[in-house]
Amino acid sequence: MTEDENQPLLDESGRHHTYTSLNAYITTNDNHERTGSHTTFATGEKLISGRYESLDYECDESEISHMEEKRLGHQHTRRLAVLKWVIMLLIGICTGLVAVFVDFAVKNLTKFKFSYVQNRLDTCLSEHCLFTPYLTWIAINMSFVLVSGLLILWEPAARGSGIPQVKCYLNGVAVPHVLSLKALIAKVLGVIFSVSGGLAVGKEGPMIHSGSIIAGGISQGKSSTLKFDFHIFKHFRTDKHKRDFVSAGAAAGVAAAFGAPVGGVLFALEEGASFFNQQLTWFIFFASMVSTFTLNVVMSAIDGHFGDLSSPGLINFGLFKDVPYMWFELPIFILMGVMGGVFGALFNELNLRLTKFRHHYINRHWVLIIEVLLVAATTVVIAFVLIFTTMNECRPIKTQVELNSPTIQLFCPDGQYNTMATIVFSTPENAVRNLFHSEIGTYKAWSLLAFCIVYFCLTCWTYGIIVSSGLFIPSLLIGASWGRLVGIGMHNLFPSIYFNPGKYALFGAASQLGGIMRMTISLAVILIEATGDIVLGLPIMIVLTVAKLTGDYFNEGFFDIHIALQSVPFLPWQSEVFLSRLSALSVMSAPVTKLKTVEKVETIFRILRAESHHGFPVVDHHADETNNERAGTFQGIILRHQLITILRKRNFISLNDSLRDYLTLDDFRESYPRHPSIESVHLTDEERELYCDLRPYMNLAYTVSHHSTLPRIFSMFRGLGLRHLVVVNDKNEVVGMITRKDLARFRMIHKKGHTSIEELGISN
Ligand code: ATP
């Protein structure tokens, strides 16, 4: 134990020390060993996964990049700016069209299913054969959900909502296959079948992932899977450019899902994009606008009233007309925020435990599929139980007509419909709208309570099974049901005052969603845009803020929990204050594998085969020699894929060569993003004796002094989107290397009133 501020965590042998201060301590996982710059760890939960590579969001300051800029001139920069707008337009249009396709398919499959089951139900009510529609319903749902499950076995990257994966990508982590065409196909078809299969899932979350994939694909103008390349957008084949387009795609997805273009921009800002600037905001806003406009135009045509642009999003919450609120209701809204925070935290905790259980025990393909089928069947059984326990809850059909929602008569007299069956039998979106707008007295308190508990448990169980699924709508539905319950309670307590239960359902929905996801600004705007009512904006903001604060007291937001579970080296917005006691020396890797500015081919080849690192500092070899190979003056950094390209293209020289043929940026872009491995390189003995001049290709990257504190290093990584940060001493000699994994290893843990820093290991 030490109180010395600059005490390194690594001793000479590379083992980590435990660092303790008055307020904090670091617990080290002893299940690992470090040897030099290689790390081997036993597997365990407290690990950062080494299999995630980072993305390179740093500006390219290499000589060949400057040469290209000079050659193409100012005209080219303007052309690129125009092309960016064109790509944003295409992203908006394509995302809007995919959203229409999903909606169209879900509506028709659901219609087919419900009309089939309802016909059977109507016949069997008189013929006493109720088990037939019941079994038919189960069979249809199970087969739909089976398709969704099989699609995820085909492409696992499409599992869940995809939001955590997109968030990681935008943070700078290369999540495998997250932007692949296969993932898009599996995501889109998967969500159609899981929603139509009656699961407690929504299609809005997957739209965000779909938008991101569409953006990633369009912006590259090529597909490695389909093997075509239009060559038009080749200048955007860098992680940095692609990241901006993916942010726009995520925003366009939100815009199409909720009809909320501003909400989309804010979602990208709050949840997604880790790096933002003013121009990017305009681009993203444009893509979101186009997306919702495209959806609106096409939906109006499909619905038979072309030109009447009244369907801006997949979900239509319906308008809240003349629903004011009074000052004395504000404490109730705060209380609802607290409830949402508590229920949200409970939901996250239960889902976390279930996911851990799943990781351990439900991981074989056939078991995963059985779980999916079981969830589908259980959902139907529970729906049936709910319907039959509330079979006398009937309301006149005319009250439902203006909601444009299908009604189910079941055991009710003619001219009336069964309220619970109408919620259970329709899509979750329709159910939310019903809860928001049905008049007072439509639902009995006990039925709502039962529905809320059941749906809470079902949603918790469903999120994580191998289907493509969104959590927005189920969360809104849970919240809308308990929110409406609060409204009914208020009405019963104060019969002389009119408490609109629909309004309370809206606040409950907002609160529950905020409690689970811990978003505030974007959710507030999404809900305001989706309900079209600015009057209720303030209460929505209040419940969202209170729900977030309350939820944060207990645990992290839903997506952050899932990111941590996958051991992703995710960098949060800011480093913890306690880390200011640590310096670069404490976290860097040393000794560093580095290369000379003019390096022997054999050496490069040997290093690339022996080491898995993706970045190597380039040092001045004269300085290196005088310093007895201990260190060299830092010149720049070169990436693994660049070295492989140089070797593959045989860009070699002999030591006395003066005239050189440099590779161009196009040579390096060729293989982006799937760069070949070193195993694809075969060299002759003569070639190995030659040299590579790395100077034109190396990036003049940022460095940091070995005295710098961790928060400073952290903000450099976050602010500049770094992949590697070279640590230098006072003589500008390379003494260490820091990557995002070195920073993501430190995590705050709050337990029983104590706050501590935990140091995680890096697994292979
Ligand atoms: P990335 O995974 O981000 O693409 P990388 O593979 O180069 O980058 P990491 O996997 O993040 O590096 O790093 C694993 C460990 O290796 C880290 O502790 C890091 O500091 C260390 N490391 C990275 N590059 C070097 C290097 N050139 N020499 C020595 N250690 C290095």
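Biologist: Before we start, what are helix axes fitted to here, and over which stretch?
Modeller: An axis is a line fitted to C-alpha atoms, and for helices that covers the stretch in contact. Angles between axes run from 0 to 180 degrees, taken between N-to-C directions. Bear in mind that this is a predicted model.

Biologist: OK. How do the axes of α1 and α4 cross?
Modeller: Helix α1 spans residues 63-127 and helix α4 spans residues 181-196. Their axes come within 9 Å and cross at roughly 30°. That makes α1 roughly parallel to α4, because angles under 35 degrees count as roughly parallel.

Biologist: Is that crossing left-handed or right-handed?
Modeller: The crossing of α1 and α4 is right-handed.

Biologist: Which residues make the contact?
Modeller: From α1, V98, V102, A105, V106, L109, T110 and K113. From α4, V188, V191, I192, V195 and S196. By type, the contact has 9 nonpolar residues, 2 polar and 1 charged.

Biologist: And α8? At what angle does α1 pack with α8?
Modeller: About 40°, with the axes 7 Å apart. Helix α8 covers residues 278-302. The crossing of α1 and α8 is right-handed.

Biologist: Which residues meet there?
Modeller: On the α1 side they include M88, L89, I91 and F104. On the α8 side, F283, F286 and I302 are among them. The contact of α1 with α8 divides into 17 nonpolar, 6 polar and 1 charged.

Biologist: New topic. Which domains does the chain have?
Modeller: The assignment gives domain 1 as 63-225 + 236-302, domain 2 as 331-373 + 428-555, and domain 3 as 588-744.

Biologist: How far apart are the centres of domain 2 and domain 3?
Modeller: Their C-alpha centres lie 51 Å apart.

Biologist: Now the sheet with β16. What is the strand order?
Modeller: The order is β16-β17-β18, in an open sheet of 3 strands with mixed pairing. The twist averages 35° from one strand to the next.

Biologist: Do β16 and β17 pair in the parallel or antiparallel sense?
Modeller: Parallel, over 3 bridges, with β17 at residues 724-728. V704 stands opposite V727 in β17.

Biologist: Which strands does α26 lie across?
Modeller: Helix α26, residues 710-720, lies across β16, β17 and β18. The helix runs at about 145° to β17.

Conventions
Residues are numbered from 1 along each chain as its sequence is written. This is a predicted model: local features need pLDDT of at least 70, side-chain atom pairs count only at pLDDT 80 or more; totals for chains, interfaces and linings use all residues. Helices (H or I, at least four residues) and strands (E, at least two) are DSSP runs, numbered from the N terminus. Angles under 35 degrees count as roughly parallel, over 145 as roughly antiparallel, 65 to 115 as roughly perpendicular and the rest as oblique. A crossing is left-handed if the near helix is turned anticlockwise from the far one by less than a right angle, and right-handed if clockwise. Two residues are in contact if their C-beta atoms, placed from the backbone, lie within 7 Å. Ala, Val, Leu, Ile, Met, Phe, Trp, Tyr, Cys and Pro count as nonpolar, Asp, Glu, Lys and Arg as charged, and the others, Gly among them, as polar. Domain bounds come from an automatic or database domain assignment. Two strands pair if DSSP finds at least two bridges between them.
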